[in-house]
Amino acid sequence: MFDELHATLRRDADRPALLGVARSGRPTVMLRRGELAALADGYAVALHRQGLRAGDTIGVAVLPGGRALALMLAADRLGLRIAVLDPSAGADVLRARLKLAAPALVVADAAAQAVAGWARPLARRAQLDLPRLAELGPVRTIGRRLPGCAPVLAPATGPVPARHDGDTDAVVIFTSGTTSSPRAVVHRRSGLAAGMRAVADLVRPLPDLPVLGGMFFVLVPALACGAPVARPARSARLLARQAARLVPQATYLTPPQARALLAVSPRLSGRFYSGSAPVSAELLTRLRAAGAEQAWGVYALTELFPAAAVESREKSAFTGDGDLVGAPLPGVRAVLDADGKLLLDGPGRAHRYLGGDPFELVATGDIARFDGTRLVLAGRAKDMILRAAENIYPGLYEPALHVPGVNLAVLVGTPAGDGDERLVAVVEPQPGADPARLRARLAPVLAAMGAGRPDAVLFAEVPTAGRSRKPDRAAAARLAARLTTGAAGLSTDADAA
């Protein structure tokens, strides 16, 4: 996939690569394909002059965009390994992660250096934190340098180093773990390319028609197919303007981004894809109602992407328990172990965890079953709730709670004494939803939930965390425990919902 992208950037040098939207709403070209290729070449020369060679690791804390993409292309040319630094993970965890990854150089934009320095108190309010980057190794600034930043790593001129050949480590992505045992997923070049090729086969981008999405696994396949890409605006209103003005052939947003967009009544077009967190049938239906020709839920893991996908019509027609995520995509093999836990393999599978042995199968941590050839998830094994000596997997019942008017819903356990748990549904209404009407819609659903029927239903915003703003179940459980015990006048009985 990177080979294809390198070739097409030079062949179609004058065509747009990255798009933006001016304040007037008019689409603008931020970077042409030839300019992106030249920027990647310049960074390859600059990194080579820093003494970096194939197999070395660089830590990267750069906002998605043209420079970040050029840096990734340069690293691929040189055979370098990129360790992605996520400021939402916290300084202590990142420090432990970087010790494990041992970067020869850290490259960061001015914003990341501010998070690690003078803006740290402000950034922590937004749950962003980075260690002082100079503790981790030599630091260079990508893009505009502000006072107090490290020296700039500027694109350099001169002979471009020959392209590295060989299936070496390409990227390290830290997903979970603690400061004492950080977990880092290592993708090799072949696996990363296969995963991006699978994305291209799923999305089918056509040349010259815009794609709206900011993640690298969207950027690279779209650009390799000749489609220009626009990074989604952070503001929902600006994002709605982007969607209306760009008329993208395909859009990829996380579920929280999609819910925020729908709250401002956008005018959508083309095919819509959402993943990185659970995607409800209700959310996909709302996206189609807003104008999307198709709306897809994508099941993917950091260790293997994409694994399965399902279109809104198929998902809405599913009436069984659990979360239908669709049939495994071509080349993906799915098996269940003796406990019903899902194991995956495929061309886009990661190679290993950093410091660990190569994978044979990826353990997803999800409880699943097959509906014919389709996968149905019952939730995370670690999220199991014990009530009245019965094991309850929230993911088996949560999809049913996503009735019209519900933004997001999770089932969590709160202490009930003697090691037992009380089951609470935390339901986040859509903006403007009528609580009485929502209770009426939930009533028959709750009555049919059987063993998964909650002891209490709480209408509140569901806490989220991480890059993808997934539901934070631990925080939701703390919220449920606080609001369902000793709260005067709060009706939380499931019958009342």
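Reader: What makes strand β20 (residues 374-380) count as mostly covered?

Author: In this predicted model, five of the seven residues of β20 are buried, and a residue is called buried when its relative accessible area is under 20%.

Reader: How do you know which strands pair with β20, and in what sense they run?

Author: Strand β15 (residues 323-326) is joined to β20 by three bridges and runs antiparallel to it, with V376 in β20 as the bridge partner of L324. Strand β19 (residues 362-371) also pairs with β20 in the antiparallel sense, over six bridges, and here F370 stands opposite L375. The strands β19 and β20 form a hairpin with two residues between them, and G372 in the turn has a positive phi of about 70°.

Reader: Why is strand β5 (residues 105-108) said to be covered on both faces?

Author: In a regular strand the side chains alternate between the two faces of the sheet, so one has to look at each face in turn. On one side of β5 are L105 and V107, on the other V106 and A108, and all of these are buried. Strand β5 also has partners: strand β3 (residues 57-61) pairs with it in the parallel sense over four bridges, V60 standing opposite V107, and strand β6 (residues 139-141) runs parallel to it, joined by three bridges, with V106 opposite V139.

Reader: What makes β2 and β14 the edges of the sheet of eight strands?

Author: The order of this open sheet is β2-β1-β10-β9-β11-β12-β13-β14, with mixed pairing. Strands β2 (27-32) and β14 (304-311) each have a single partner strand, so one side of each is left without a neighbour in the sheet. Further in, strand β12 (residues 271-275) and strand β13 (residues 294-301) run parallel and are joined by five bridges, S274 standing opposite G297. Helix α7 (residues 189-203) lies across β11 (250-253), β12, β13 and β14, at about 15° to β14.

Reader: Why is helix α10 (residues 255-262) described as largely enclosed?

Author: Six of its eight residues are buried, so the rest of the structure encloses most of helix α10. The buried residues are P255, P256, A258, R259, L261 and L262.

Reader: How do you know where helix α1 meets helix α3 (residues 66-78), and how the two cross?

Author: Their axes come within 11 Å and cross at roughly 120°, and α1 passes α3 in a left-handed crossing. On the side of α1, the residues that meet α3 are F2, L5, H6, L9 and R10, and on the side of α3 they are M72, L73, D76 and R77. D76 also belongs to a network of salt bridges that links it with D3, R163 and R189.

Reader: What makes D208 and R15 a salt bridge, and which parts does the pair tie together?

Author: The rule asks for a side-chain nitrogen of Lys or Arg within 4 Å of a carboxyl oxygen of Asp or Glu, and the distance here, N to O, is 3.7 Å, so the pair qualifies. D208 lies in the loop between α7 and β9 (211-212), while R15 lies in the loop between α1 (2-11) and β1 (16-21), so the pair ties together parts that are 193 residues apart in sequence. D208, at 41% relative accessibility, counts as partly exposed, and R15, at 35%, is partly exposed as well.

Reader: Where do R352 and D169 lie, and are they buried or exposed?

Author: The closest N and O atoms of R352 and D169 are 2.7 Å apart, and the two form a salt bridge. R352 is in strand β18 (residues 352-353) and D169 in strand β7 (residues 169-177), 183 residues apart, and both R352 and D169 are buried. The whole structure holds 20 salt bridges.

Reader: How do you know how many disulfides there are?

Author: A disulfide requires two cysteine sulfur atoms within 2.5 Å, and by this rule the count is zero. Among the cysteines, C149 is buried, at 9% relative accessible area, whereas C225 is partly exposed, at 27%.

How values were computed. Residues numbered from 1 in each chain as written. Predicted model: local features only at pLDDT ≥ 70, side-chain atom pairs only at ≥ 80, totals over all residues. Heavy atoms only, no water. Buried < 20%, exposed > 50% of the residue type's maximum accessible area, 1.4 Å probe, protein only. Pairing = 2+ DSSP bridges. Contact = heavy atoms within 4.5 Å. Axes fitted to C-alpha atoms, helices over the stretch in contact; angles between N-to-C directions. Left-handed = near helix turned anticlockwise from the far one by under 90°.
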